[in-house]
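Dear colleague,

Please find the structure below, together with an account of what was found in it.

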Amino acid sequence: MTKTHDTDPDGLDALLAEARTAPPDALPPALQARLLADAQAALPRAAPRPSLRGWIAGALAGIGGAPGLAGMSAAGLAGLWIGFAGPGPAAELAANAWNVALLAPDLSAFEAGHEDQALLDLIAGTTE
Amino acid sequence: MPRDTRLAMTDSDEALLLRYGAGDAAAARLLVERLAPRVLRLAQRLLQDPAEAEDVTQEAMLRLWRIAPDWQPGGAMPSTWLHRVAVNLATDRLRRRRGVGLDTIEEPDDPAPSAVDSLIEGDRRRALDEALALLPDRQRAAVVLRHLEGLTNPEIAAHLGIGVEAVESLTARGKRRLAQLLEGRREELGYER
C-alpha cells in the first residue's frame, strides 16, 4: 500500500481509495434470482410483430370495417349472379333494357313516303 | 444471427438498458451482473444490515427496470442513476432507523476501542468494512458517501437532511475514529510507521 506521511499519515486515505475501486463480491445467488425474477416481471412488452391477424384487421379497417366488408360481399355476389344468369350479349341486354326497337324510326316506312321526300326537297329549296 | 439481436459484454450499460426497455429480457441478466453487486456493497456499507441491504438493492434495481422504457439516452449513466437511487433508499432507512432527523440527535459515544480486537479478517478492505460497521450511522454514512462514493459535501448534506458543516464534522470525526479502530491492526493491514 502506498501512503504519504505528510498528507495521509495513517494510510487511511489510501485504504479508502483502494476500497473504492476494488471489485465487489458476487451477489448472493438467492438475491440474484430475485432480481432476475423482478426484471422478468417488469419486462416491457416488445413491439408486436406483424401477424396475419393484424394484417386482416388492418385490411378490414381500410374498407370501413364490418359494414364495408358486408357491402363488398353483397356487390360481389350480385356480380356473380349476373355472370351466371345474365340475359346474353351486351347488345341484346342494352336493347332489352332501353327497348331500342320501340324508339328507333322505321326507315323502310320513311323511304316509302313520297310526300315526305317532296317535303324535304321543298325545305332544301330544290325543285324538280 | 443478426448483430442487432446479440448481446455482448462490450455493450454499454445504457445500450443494455435500452434493449431491456424494448422487451429484451436477456439484457437484464448482464445488467444485474454488472450493476447490482456495487449497489449491494454500497447499501451494506451504509446500513450494516445484510437483509436491509438486499432490500435496498432489490428496490433500486426494480426502479431501474421500471424506468427503462422511458430512459433518455445521452443523460446520466445507468450506474450513476442507480447509485443515487440506492443512496436515497439507504439514507431514508437510516433516518427512519433513528426515528427523528439525523441532525437533531447528539452523536453517540464512540464504540469501545477494544471492539477492533475482535476482528478476525486479515484483509485490509475487509478490516475497513468491519471498522466502518463500528461507526455511528451518521459518521459512517458521511465517510462512505464522501470517500467511497465520491459525493460532494452538499450532495451528502441533501441526502442526509443536514447542513454542509455537519457533514464536514461527521466526515472528520468518522475518519478519526476509523484511524483509531485500524491503528491496532496497522501491522496486520500492511501499514508502515
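Helices (H or I, at least four residues) and strands (E, at least two) are DSSP runs, numbered from the N terminus. By that rule, chain B has 9 helices and 0 strands, and its pattern along the sequence is α-α-α-α-α-α-α-α-α. Chain A has 8 helices and 0 strands.

The model is predicted, so local features need pLDDT of at least 70 and side-chain atom pairs count only at pLDDT 80 or more, while totals for chains, interfaces and linings use all residues. Residues are numbered from 1 along each chain as its sequence is written, and chains are lettered from A and ligands numbered from 1 in the order in which they are written.

Burial in the two chains

A residue is called buried if 20 or more other C-beta atoms lie within 10 Å of its own, exposed if 12 or fewer do, and partly exposed in between, with C-beta atoms placed from the backbone. Of the 193 residues of chain B, 38% count as buried. For chain A, with 128 residues, the figure is 6%.

Among contacts in chain B between residues at least 6 apart in sequence, 65% join residues at least 24 apart.

Helix α2(B) covers residues 26-47, which makes 22 residues. The expected span of a helix is 1.5 Å times one less than its number of residues.

B:Gln48 is placed in the loop between α2 and α3 of chain B. Its phi is near 55 degrees, a positive value in a residue other than glycine. B:Gln48 has 18 other C-beta atoms within 10 Å and is therefore partly exposed.

The 18 residues of α3(B) should span 26 Å, and the end C-alpha atoms are 26 Å apart, which agrees. Among the buried residues of α3(B) are B:Val56, B:Ala60, B:Met61 and B:Trp65.

Which residues does B:Leu89 touch, not counting residues up to four places away in sequence? They are B:Val56, B:Glu59 and B:Ala60. B:Leu89 is found in helix α4 (residues 78-98) of chain B, and it counts as buried because it has 21 C-beta neighbours inside 10 Å. The C-alpha atoms of B:Leu89 and B:Glu59 are separated by 8.2 Å, although these residues are 30 apart along the chain.

Helices α6 and α8 of chain B

The axes of α6(B) and α8(B) come within 8 Å and cross at roughly 95 degrees. Axes are lines fitted to C-alpha atoms, for helices over the stretch in contact, and angles run from 0 to 180 degrees between N-to-C directions. Angles under 35 degrees count as roughly parallel, over 145 as roughly antiparallel, 65 to 115 as roughly perpendicular and the rest as oblique. The two helices, α6(B) and α8(B), are therefore roughly perpendicular to each other.

Where the chains meet

How many residues of chain B are in contact with chain A? There are 32, and they meet 27 residues of chain A. The elements of chain B that give two or more residues to this side are α2, α3 (50-67), α5 (124-133), α6 (137-148) and α8 (164-183). The largest share, 8 residues, comes from α2(B). The residues of this side of chain B divide into 18 nonpolar, 6 polar and 8 charged. Here Ala, Val, Leu, Ile, Met, Phe, Trp, Tyr, Cys and Pro count as nonpolar, Asp, Glu, Lys and Arg as charged, and the others, Gly among them, as polar.

B:Leu128, in helix α5 of chain B, touches A:Leu15 and A:Ala19, not counting residues up to four places away in sequence. B:Leu128 is buried, since 22 other C-beta atoms lie within 10 Å.

Yours sincerely

Technical notes:
Two residues are in contact if their C-beta atoms, placed from the backbone, lie within 7 Å.
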